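Where do the charged side chains of this protein pair up, and which parts of the chain do those pairs connect? The text below goes through the salt bridges.

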Amino acid sequence: MTGRRALDPRKQPKQVRGELTRQRILAAAAQVFAEHGYAAGTTNRIAERARVSIGSLYQYYPNKDAILVELVSRHLDTGEAELRRHQAGELPDTIEGVLRVFVHVAVQNHLDAPQLLRVMIEETPNSPELVRKIGEYERERVAYVSALFERYPEVRVGNPQVAARIVVNTVELVVHKVIAGHEPVDLGQFEEELVAMLTRYLAPPAD
């Protein structure tokens, strides 16, 4: 079993050159994992792609598990920053319009490298720091969405907090599953169907 220390970066660069080296290692790892998969995505391949010695790589990361954990952490941070940017802007007048915005954002945040996303979903070690970050982001999103429901009178749910958890996790899990899947999908139709499903749940037609 991989210990917690083995999932942490070994070296936090204090100079620009060191940070650039770390960025090269992470970029190379993302490419190698996407092209070769996790099992064949060895540290030797990553070092070769990054144009650094294997010794230099190990100065920054103890193993490829630690590299993958940092890639996932950065993926989470990027997605959260993009989501907050839209939250700070003006939102549509209907809950359907809001859902359309956030479903589209979720899809767009996962389109760069579906193969890498698949590796992240299937192979990421159980890092306590990563679990903490995922839980923190989920709680923030649920609180935001629950409060958002109060602004839209067409939303009719028994418990806004529970409904917010359902919506947040449904979007996250379904988008991950579809984008990382092996079967191609029409993303426009996918977004439309997901928005329609969530709209019917939150704002069912009046009897």
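What follows covers the salt bridges, pair by pair, and then a network.

The structure is a predicted model, in which local features need pLDDT of at least 70 and side-chain atom pairs count only at pLDDT 80 or more, while totals for chains, interfaces and linings use all residues. Residues are numbered from 1 along each chain as its sequence is written, and side-chain values use heavy atoms, with hydrogens and water left out.

A salt bridge here is a side-chain nitrogen of Lys or Arg within 4 Å of a carboxyl oxygen of Asp or Glu. By this rule there are 14 salt bridges.

One of them joins R85 to E82, with 2.8 Å between the closest N and O atoms. Both residues sit in helix α4 (residues 64–87), 3 residues apart, which is about one turn of the helix. Helices are DSSP runs of H or I with at least four residues, numbered from the N terminus. R85 is exposed at 52% relative accessible area, whereas E82 is partly exposed at 24%; buried means under 20%, exposed over 50% and partly exposed in between, using a 1.4 Å probe and protein chains only.

Helix α5 (residues 95–108) holds both R100 and E96, 4 residues apart, again about one turn of the helix. Their salt bridge has its closest N and O atoms 2.9 Å apart. R100 is partly exposed at 32%, and E96 is partly exposed at 36%.

E140 and R84 form a salt bridge at 2.4 Å, N to O. E140 lies in helix α7 (residues 128–149) and R84 in helix α4, so this pair ties together parts 56 residues apart in sequence. E140 is partly exposed at 33% relative accessibility, and R84 is partly exposed at 39%. Both belong to a network of salt bridges that links E80, R84, E140, R141 and E172.

Methods:
Helix = DSSP H or I, 4+ residues; strand = E, 2+ residues; numbered from the N terminus.
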